[in-house]
Structures are given as C-alpha cells and as structure tokens.
Amino acid sequence: MSARIDWNSIESKWIERWEKQRIFESDPDSSKEKYFVTVAYPYPNSPQHIGHGRTYTLADTHARYMRMKDYNVLFPMGFHYTGTPILGMSRRVAANDAELMETFRTIYKLSDDVIATFVEPVKIASYFHHEIKRGMKEMGYSIDWRREFTTIDRIYSKFISWQFRTLQKKGLIVQGSHPVGWCPRDQNPVSQHDTIGDVEPDFNEYTVIKFKFGRGDGGGDLVILPAATLRPETLFGVTNIWVNSDVDYVQAQVDGQKWIISKEAARKLEFLNHKVEIIKTVKGSEMIGWNATNPLNNTSVPIYPATFVEADSGTGIVMSVPAHAPYDYQALEALKSDKKLQRIFHISVDDDNVRPIKIIESEAYVSGIPAAEAIKQAVDFSQNNNNNNNNDDDKRLEKATSNLYSHEFYKGTMMQNTGRFAGMAVVAAKNEIKQDLLQSGWAETTYELVNKPVKCRCGAECVVKLLSDQWFLNYKDREWKELAHRCLNNMDILPQDIRQEFDYVIDWLRERACARKSGLGTKLPWDKEWIIESLSDSVIYMAYYVIAKYVNSKAISDDNDNISDAFFDYVLLGDGSADQVTKECNLSAHTVEQIRNEFTYFYPVDSRHSGRDLVPNHLTFFIFNHVAIFDKKNWPRQIVVNGSVLMEGKKMSKSLGNIIPLRDAIRQYGADTIRLAILVSAEILQDADFSFDTVRGIRLKLLGIFEMAEKCRSRPHQATGQDQDHDQQQQQQQQGLLMLEDKWLVSRLHRTIAETSASMDRLRIREAIYYTLYSLDRDLQWYLKRAAARKRENITGMLTEFINLQVRMLAPFAPFTAEEVWELMGNRQSITTAGWPVVKKEKIDILAEESEFLISSLLEDVQNIVRVTKITPSKIVIYVSAAWKVQVYNAILANILEGKINFGQIMKQLIANPETAKAKNDPKMVQKMIEDILSAPLEARNRRLKLIGFNEVTTIQDAQSLLSDEINKAEIIVYSEEDPTKYDPKSRAKSARPFKPAIYIQ
C-alpha cells in the first residue's frame, strides 16, 4: 500500500489547492465569531528544524480546530529581521568562522555561492525567510499569507516609532543607569535573540562586603578583601574567608581604594563603571593564614583555602557562614579533618578556634546547626529515593542550600547575637543591614550573570554592564505591574501550571534596555543614535497584521512618508477621526475606515502561542505593552506555552549532530507524520521526544486509514460533509435492526467526539490525538473482529461513517491525509469546510458500550486462563451472577462513587437492606466486588450506575461466535448462576459476580 501512496505529491496537490481556493484568507465577517491566533514569528538566521516545528504546529492545529468549529480564524505570519544576531552572523561569515561554515555546509546544505552573499546581513535574513516560508507551506500551516511582513519594512518601522512615542508620553520609557547583559565586542546590550542558543542573560544583584586587611604595601596601608554575597544579613555569622590557593589574584586601585580580587573580577568591575588600575599580582597561596576584619562587628576572620572558589565568580573571594551555608559547612568540616593541608599552609583549624555561629532561628531547623540539618535532610531524601551515587553530592548540597535559604528568608528571625537586629524577621533585616553597610561605605552593589557562560552570536562572552544614559522600558513601575497582573488574572493561561511563572516574572522585572547602537531595526524616534532592540519591537506586532494586508495590497504605499502617529492612533486606538487621518496621511477615507473596522473586528488576540523560553521576556512584555497601550477590551485573552523538543531523548544540538532541518524531514517522512510525531509524544508544557520509532508507527496508522477508505469508496453515498448516516443504516436504526457491535461503534464514535472536543478545548493535544488515532483504531479493530465472527459482509455503511468522522477529527493534526481521504470518500469540498463533528447524545448507547466491554473483558479472562493452565479447550461454560448479586453490586458501586470505601460500613448498609441482606453470608464476595469496582475504569463505574435492563446472558450469547473463533473453536455455553439446569461439574457458578462471570473450561 505504501508504494502506491506518494506523500509528497499529495502534499503538493493540497498546498496548491488551498492557495487557489484562498481557504485560509480571513476577512471580517459579521455572521461569524472571529478567532485570532498568533505564534511567535521566526527569526530568519537559519532554516527551521524539527524543534521549531512544535510551536508552529501546535498553533496551526489550534487554528484549524477553531476554523472547523466555524470560527472566522485569522492565523497570520511575519518575520523578525531586527536585532544583532543576523549582523553578528554576517561578521562571522566575513571572518570565515570555521564552525559556522561547517554548519552552513553540512547541516543546512548551502552552497559556497549562497554563503558568500551572507556578508550582507539582509541577504541572510531574506534567504532564510523564504526557506522558512516554504517549510511552513510544506508543513500545511493554514496561514493567511496576505498579511506577511518583516520588521524592517518601512511602515512597520513607523508603527514601532508610534509605539515608542506612545510609551514615552505615558512616562514608561526612562533614561538612566541600569545593569544589562552586554556584548563587549559589539558594544551592545544583549537579550535572548542576540545570544548563541537563545539564552536570556540572567543576572543577580550582589552585595560586596569590604573586609579589611591591614597588611598592604607601605607597612600598614588598608587593603580591602571584597566578598560578594546574596545574604548580607548572614555577615554576623562569618567565621572565615575562602580563597583559591591556585588562583593568581591582583591588588588593584578600585575607585581610590586598594582591593585584592581575581583578574576576572577586575575586568567585570570595569564594565560596572568602576575605575580599576591593577598594581600587582598576589598569589592565592600567600593569602592563606592572613586575618581580615569583619566590617560589621570588627571581629577577626582567618583566610583559608578552598578549591571550590572560582576566579570568575563574584570577586574570587568568598565569605564563609558555615552555620547557614551548606557548602561552607561541608568545606569547613573537610578542612578540619585534613591535617596535611593545614601543615602545608601553616594553619590550625579545629573546633576550638573555628565554630559555626548560628545567627538565625526558624521552626524547621531547631536542633543544631541549620546547615548541618539541611544537608542531612537532603541526604535522607536522596536515600529514600534510591539516589545514592556519590556524583549526586553537589545536587544534595544545592538542594540543601535552596531549602535552607528559602526557609530562613521567609520564616527566619535574627537571634540575640545580631545586636539591634535581634528579633527582626530575616526578610526585613536583610535590606536594613545592606543599607547600613552601603551608607557606611563598607559595601558596594555589583551584578553577576547567574547562567554564564552566555555568548553573543558574534562569539564573544557576555558580561553585565552598568549602562549610563541608556534608554529603558521601566517595567519596574508599580502601576504598570498592577495592570499587567490584572490582565494576567483575566487571561486563560495554558497549561495552568505555567501561570505562576508569569506572576513571578511580572514581579521581578526591572528596567530593561530597549535600544542599542548597532543592528537592524527602527531608530529611536527622539534619539536617532539609538536603534530599538529586537525584543522591544516585537511585543504588540500582532496588531500590525491588520495593517500589513493593506500595505501588501498597495492600498497603503510602503514609501508613504505621510503616515503619522495620527494614523495609528485612529486605526488601533480609535483616537482622532478618519477625516483627519485621510488628510494628514494621504490615504483614502475608505481605506482608513476599512483598517479601523478590521482591527475592531479581529482584536484582541484570542490565543498567543510561544515556547516556554519566552516566558521571562517576550510573552511577559507582550502583556505589559498591551496593557500600557490598548484599552482593556483589547487586552490579550489567552497565552499557550509549550516545551521544547528532544531528539531520541537528547537535547538537539549541532555538536550531537541531531538537528534535522524541517524541510529535510518533510521530504523523507511526510508532513503529517512529522506533525503527529511532534505532537503525540507529550502534552504541551512537557518536552516532546521526537522518535523515529514513533514516526514509523504513525506512518502505519495513516496507511491504515487510507486502506480503509479505499475499501469503502466503492459504495456511493451523499457527499455532504455533514454528520449524516446512509439511508440503509438510518432505516436499520429506526427498525432496531442494527447489530450490537454497530450500536457500540456508533456510540464509541460519538463518545470520542465528545472526549476529543473536550481535550482540544483545553489544548491537551496529545490526549486528543490518542483518542482520534489510537483509541478509535482499537475500536475499529474490535468492530471488524466482531463483524468477521458473524461472517457479515455488508458493513461498508458503518465503516464509511467511521472514516468520515475520524478524518474530520484528524484534520487539525494531519491535514494532508484528512483532505486526501475526505476526497477519496467522494467529498468535493475541503474537509476544513465540513465542520468539526457534533456529538449526538442519543447515539451514545451505554448498554452497547457495557456489552462490548463485558465481552472483551471476558475474552481476555478466558485467554489468560488458557495461557496459564495450558489447556486446549473444547468446551467453555460461562456463568453469569444471580440477580441478587447485581443489587449488592449496585449498592456497593453507589457507595464507592460517593467516596465511601470502608468495608465494615458497606457491610452494615448491605445487611440492613432486605434486598441486599444475603451479602452477610458471603463477606469475601463483597470484598471482591469492592476490588472489582476499584479496579474498573472510572468511565465504566459511572456507566454501570446508569445501566437499566442490562442482561449479561444475552450479551455473552451474542458474542458466542467470536469467543469460539478466538479460543480454539471451542463450544461456548452460557448459564445464569440461578439456572437449575446448568452444567456445573466444578461448582464454579457460585463464584460469579456482576460483570465478572465465572468460567469453567474443559
């Protein structure tokens, strides 16, 4: 069969047909409810690979589903040219960067002629723009391409200028000195899109404590030993200082003071606007044994060696608080026991001269040294979870540190040995102690990258820089944060688990650099030396999709210099008048009104799709900027966040050679197969594991659908695309002539429609695919087995209904297969116009469903007995439970569904009721019924409570031919337990229970 299916031809056919029919072009339609779906537009500096495909396929699946539910869906696409990544890449091309050249040639299969053009940044963007667009079409994305734009288009730049002037008028753009991630080579701030691996530079604010040392040059000059810390409140508990004896430190003049710091720290301080002049080198080994002075309480603290101290972390000097820092506690205990190391450095370290100083008390760490307790708890947890590998020691210390720091910060109280801070909550003391130290001059503030190394796309390692006179979006503004929280609270966040991450980001966001001196992009309107950075120009671009259609159709000329803020104020905010815009911007009144009407029709954004890595930046900025610029009625309604994609269980990376360009994968495996393989392996927030075994399995499933359609297509039927049965089947249903398995299959179809719809409404995509592709396939195989056992020949009507409903549910996930099968079944219109199947509740038949469930369970029980006993059966006798047992079962079932599972209470209730009192004679049977019910699927439990007139005897008799065919052609005999004429040589009948017949095999 697969040899006769040319997947690439099918895809090309439908891509061409969709474009001809303009089926995905969306314009305002007052007769339909709109649905505006957007997805993060791609950055065209490389082809998209399978990992990129997940976010876009999820968004397309969502758009297709809503379109089939008869929404007027707008799903547009743009391309993000602005920023420094493309500029950095072009410089690497000009420098003939070996790694980049290898990637271009080996992974992307680019010719040297094409690569040579990449010295021009726009050539890179243009080439990959068209490559990505072709891939999107080949993946079957239902995009309205009339609205395509790039972020260097002239009218788009005017739109961005308007956005920034609007924010400036509201006082939300400020100029000042703030820390930013920085590329020292490009001399620019960097954000996620500017770094290799799309890493957002993340940094913390540290307090640098100036420990005093009086043995500098000049026989007593004051020298500062600065130690960076996140916990200045623990300064009272410092017992010593750690340095790395193998590191060469420097003595430097820092803002007029002599400091001893690592070389790396000296470099970082320069970026933070400190004046640094290196005087000489100081070896770490010669510092061991010195004594410094704690500036908070003037206590003397010795300097000890520690290999865990890293020269590029903080200042290269670490203050030790062993009572409250698990790493310090463990290092100090190790040093105390290492007498050899003490002799080498001529130091004496034992319990008599260095003891942990406890300064914080809290309810969770009361019995001794908090750090020691935290380590023990982490070790106990690890052992209880069978993680006893010595390599996990660092993880245990990390866990201990995280748990202890968090608990003490929120629930800790300063002890009596902290002077005037005694009794103060740690959360308050921390800031007060810090401010005292800063005001006294014995502390400084510094910033450190916490996710280093972060590399700019130009190849340089990034640092934190304190920028002066830089333009910032003031996301720290309290009123702005409150509006963002209000918007978030009213939004649908999928999945809900991610909501708290948005709250967290909104709370900690501070000033963010929004302009730089180089790169592609829009000039800052009021300061042309600056270019608006790439994440700042991509937060409300969804609004521009409405305008882009009119630019592309030439209703607005791209070189119309008259387009002013008045245009955007009117069409996007409703401020001003159409007459004013018409005169000022040299546009027709009709065009202006059309754009305004289209915006009010399609806005707000109904669903925004992006990857989880964009929560800390783009997605949260999307909320902030919308609430700042637009009225509440136009605030976004939903954000959908998805995880990334692994390749055969491993993270995708060039070094592992497991990055597969999306278009290559389509050519090799087919678009629908790739779509389903990306979507089916995990729910949206989880990381999906792309597997070639999954790909092969999906291909077989799709082939099965084609094969079934080919079997059915010879039967003529009405090609309405609606949910109608064939005439013969309708007559059979009306006359009650459908077989049990027919009723069951129809019921299963409509139950699956309900289940799949519920899953899709919450975008539980993996679950929806399971119902549509896997669960329905199992139902079909069971149905075919039942029909074959009866030797039925004319089941084409049932199969046709099955295929019609299944492919309509499959259409959002596998559009090419769905369209081709739909046409194969005789339908002339696109499956998109057929509509999403509607549940017909009257077709859900719980008697039929329970009947088939009973038959399949019984068959499985018999097969298990045969397998275990190794009997070759000639006769199988099946005993159905007595009627009184059914009453007992129903009483137990009602209790369990109410959450009552206590055996004693259930027995009392049964005995008290005359209709179930017989249960007192067989408590073991009651216990087994309880176990039966608890082991049954919840769906089955709920169904059985509603059953009326269910007859197990006739149900099993209906399937005698199937049971016989499946089990050695054995004779199948069915009795009621109460039948006085039953054949029961081993007295098995008495063990029969409802839905669990007794079985005798001979």
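Strand β22 (residues 607-611) runs parallel to strand β23 and is joined to it by four bridges, where strands count as paired if DSSP finds at least two bridges between them. Within this pairing, Ser610 stands opposite Val641 in β23. From β22 the chain passes through helix α22 (residues 615-629) to β23 in a right-handed β-α-β crossover, a term for a path from the first strand over the helix to the second that runs clockwise with the strands pointing away from the viewer.

This is a predicted model, in which local features need pLDDT of at least 70 and side-chain atom pairs count only at pLDDT 80 or more, while totals for chains, interfaces and linings use all residues. Residues are numbered from 1 along each chain as its sequence is written, and side-chain values use heavy atoms, with hydrogens and water left out.

| Partner strand | Sense | Bridges | Residue pair |
|---|---|---|---|
| β18 (residues 492-494) | parallel | three | Leu494 with Val640 |
| β22 (residues 607-611) | parallel | four | Ser610 with Val641 |

Five of the five residues of β23 (residues 638-642) are buried (under 20% relative accessible area, with a 1.4 Å probe and protein chains only), so the strand is largely enclosed by the rest of the structure. Gln638, Val640 and Asn642 point one way from β23, whereas Ile639 and Val641 point the other way.

Elsewhere, helix α24 (residues 671-680) packs against helix α30 (residues 815-824) at an angle of about 130°, with the axes 7 Å apart; the axes are lines fitted to C-alpha atoms over the stretch in contact, and angles run from 0 to 180 degrees between N-to-C directions.

Key
Helices (H or I, at least four residues) and strands (E, at least two) are DSSP runs, numbered from the N terminus. Buried means under 20% relative accessible area, exposed over 50%, partly exposed in between (1.4 Å probe, protein chains only).
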